[in-house]
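Grab a pencil and have a look at the chain below. We'll work through a few exercises together, one step at a time.

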Amino acid sequence: MTIVITAFERSPDGGKGLARDMRVRWALEEAGQPYEVRLVSFRAMKQPAHLALHPFGQIPTYEEGDLALFETGAIVLHIAGRQAGLLPGDAHGRARAITWMFAALNTIEPPILELANAKLLESDKPWSAARLPLVEDRVRERLAPLAARLGDADWLDGAFSAGDLMMVSVLLRLRASGILDEFPTLAAYVARGEARPAYQRAFAAQLAVNAG
Ligand SMILES: N[C@@H](CCC(=O)N[C@@H](CS)C(=O)NCC(=O)O)C(=O)O
């Protein structure tokens, strides 16, 4: 059955891997699953046809036959659960990999999003300059224990898993801030993720949309 995901017709980052369809493309590439992409404009995302797929009018969505999903965590978990390679075979390893997916989305991503919002949406506010260092420190407070846990390992819990895919996807949005480079082992971890052939294929596909 054909898998169809949605992505930005015109991504704000020019298709450089920051829009969240990237993590779904990456998971599909890791799983060796072919997929098609339906591009949507910002206007179309808020129209009834797309809202029926995604109640919050966002991308990405995932359709496969009569199954329609939104939320990248749920989509990546669905993909990972059906193919070998993204989740360990043993039940405990699998549960730990899923825990890292939730940690990426619930613990690491929120302060990173807060930082992006502070820079993009609040820079003209009179209190912005005073608030920004506080927001940056909240990111560092999450990265320090993550770096401590990773130590000098390649991946968070043994072999590469959907937990690493999600963590790398979340962390790479930090690169432009310079904060990632304050944690060299995390910067190297992200680079390891980006070097994976499946990531490279997904990146090229996303870039091609915006280059056209
Ligand atoms: N929690 C959602 C977030 C989805 C999300 O924020 N998507 C962004 C693109 S990266 C979007 O559609 N932004 C446009 C908008 O919200 O209008 C997920 O992980 O899927």
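**Exercise 1: a helix and its surroundings**

Keep in mind that this is a predicted model. Find the residues of α1 that are buried, meaning under 20% relative accessible area, and say why the helix counts as largely enclosed.

Solution. Start by listing them: Asp21, Met22, Arg23, Val24, Arg25, Trp26, Ala27, Leu28 and Glu29 are the buried residues of α1. Finally, look just past the end of α1, where Gly32 takes a positive phi of about 70°.

**Exercise 2: the largest nonpolar core**

Work out which residues have the most contacts inside the largest nonpolar core, and which element gives the most to it.

Solution. The largest nonpolar core has 53 residues, and Leu143, Met167 and Leu171 have the most contacts inside it. Now for the elements: those giving two or more residues include β1, α1, α6 and α7. The top contributor is α5, with eight residues. Then zoom in on Leu171: leaving out residues up to four places away in sequence, Leu171 touches Ile108, Ile112, Leu143, Leu146, Leu180, Tyr189 and Val190.

**Exercise 3: the largest pocket**

Describe the space in the largest pocket and its lining.

Solution. First, the space: about 1000 Å³. Second, the lining: 34 residues, with Leu18, Arg20, Leu113, Ala116 and Arg173 nearest the centre. Third, sort the lining by class: 18 nonpolar, eight polar and eight charged residues. Last, α5 gives the most to this lining, with twelve residues.

Key. Residues numbered from 1 in each chain as written. Predicted model: local features only at pLDDT ≥ 70, side-chain atom pairs only at ≥ 80, totals over all residues. Heavy atoms only, no water. Buried < 20%, exposed > 50% of the residue type's maximum accessible area, 1.4 Å probe, protein only. Helix = DSSP H or I, 4+ residues; strand = E, 2+ residues; numbered from the N terminus. Core = buried A, V, L, I, M, F, W, Y, C linked by side-chain atoms within 4.5 Å. Contact = heavy atoms within 4.5 Å. 1 Å grid on protein atoms, 1.4 Å probe; cavity = no way out; pocket = protein on both sides within 12 Å on 5 of 7 lines; lining within 4 Å. Points joined across faces, edges and corners; volume = space filled by probe spheres on them. Nonpolar A, V, L, I, M, F, W, Y, C, P; charged D, E, K, R; others polar.
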